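Please work through each task before reading its solution.

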Amino acid sequence: MDFDLTGYTRKHPFFGAVVGRVANRIAKGRFTLDGKEYQLFLNNGPNSLHGGAKGFDKVLWSPEVLPDGVRFFRLSPDGEEGYPGDLKVWVTYTLSGRQLAINYRAQTSKTTPISLTNHAYFNLAGQGSPDVYDHEISIEADSYLPVDDTKIPTGEVAAVQGTGFDLRQPVELGKHLQKFHLDGFDHNFCLQQVQSPRLVARARHPPTGRTMEVHTTQPGIQFYTGNNLDGSLKGKGGITYPKHSAFCLETQNWPDAVNKPHFPNVLLHPGEEYNSTTWLVFNSA
């Protein structure tokens with residue numbers, strides 16, 4: 001199989017990438033730590049998204065092959081994309097049977113916000129399938145974060161009960177979007193605030209019987225239905241990726257947590273270790 005790096009170095013919407021130093025959006029690309037204001041690059045309208053102009057998705061990492069996987073390392077230098085502190089980052093992928101584990105670890109020389117995720121896109125019907133409308137989705141969340149028109153959380157933690165965001169029971173995605181007149185999802189769902197791993201989301205493709213479960217230690221998960229895919233990018237086999245042709249379930253801290261004191265803590269201090277794991281479990285009927 002030929003691997004071509006240029007597909008990843010050219011512009012694309014974070015296909016398969018590790019995202020950091022802070023996943024999702026920071027309002028106005030600005031935050032204050034210990035009385036000092038930090039300004040990040042604005043790469044998403046008035047906000048900073050997924051680490052800035054050259055985030056963790058756009059750099060080459062150092063690989064280390066393991067018996068059951070691979071570990072990637074990089075040093076994000078102090079001031080990179082405007083963030084404080086030398087940040088050492090290890091991301092380890094291990095495969096065990098039908099389970100893919102992604103472990104993120106980091107250590108910093110200065111206090112910094114950090115929230116790492118993986119931005120893989122999925123379509124359980126297989127490569128080249130035109131949409132995910134026939135998928136069933138469930139997310140174990142009693143609340144979600146409403147956003148403003150630039151996709152920054154308003155600060156409200158809203159109950160899903162009685163709304164189109166109630167995905168606690170499986171819904172067929174296409175019918176659900178129609179029923180609630182939604183253009184798609186691009187929202188953080190608030191998970192139980194526990195450090196222990198738990199099942200947080202499940203996707204199922206009834207025609208094939210394929211399922212994917214997401215287990216994580218993270219406090220949030222961004223459910224994104226590929227709303228910005230527009231068919232302009234070609235993937236494997238020359239296939240194009242139109243709107244709603246894939247979904248992402250990105251485990252994360254809550255967006256803009258660095259500016260919202262009542263959101264889960266997003267700061268890593270010197271001497272501490274950031275350590276989070278997400279497991280993807282695949283099955284077929």
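**Exercise 1.** Determine how the residues lining the largest pocket divide into nonpolar, polar and charged.

*Solution.* The lining holds 25 nonpolar, twelve polar and eight charged residues, where Ala, Val, Leu, Ile, Met, Phe, Trp, Tyr, Cys and Pro count as nonpolar, Asp, Glu, Lys and Arg as charged, and the others, Gly among them, as polar. The model is a predicted one, in which local features need pLDDT of at least 70 and side-chain atom pairs count only at pLDDT 80 or more, while totals for chains, interfaces and linings use all residues. Residues are numbered from 1 along each chain as its sequence is written, and side-chain values use heavy atoms, with hydrogens and water left out.

**Exercise 2.** State the volume of the largest pocket and identify the elements that give two or more residues to its lining.

*Solution.* A pocket is an open set of points on a 1 Å grid over the protein atoms alone where a 1.4 Å probe fits, with protein on both sides within 12 Å along at least five of seven lines; lining residues have an atom within 4 Å of a point. The volume, the space filled by probe spheres set on the points, is about 2,000 Å³ for the largest pocket. Its lining draws two or more residues from each of helix H1 (6-9) and strands S8 (87-96), S9 (99-108) and S22 (274-283); helices (H or I, at least four residues) and strands (E, at least two) are DSSP runs numbered from the N terminus. H1 supplies the largest share, three residues. Of the 45 lining residues, Tyr8, His12, Phe15, Gly16 and Ala17 lie nearest the centre.

**Exercise 3.** Describe how S8 pairs with S7 and S9.

*Solution.* Strands pair if DSSP finds at least two bridges between them. Eight bridges link S7 (residues 69-76) to S8 in antiparallel fashion, with Gly69 opposite Thr94. Ten bridges join S8 to S9, also antiparallel, and here Thr94 stands opposite Ala101. S8 and S9 form a hairpin with two residues between them, and Gly97 in the turn has a positive phi of about 60°.
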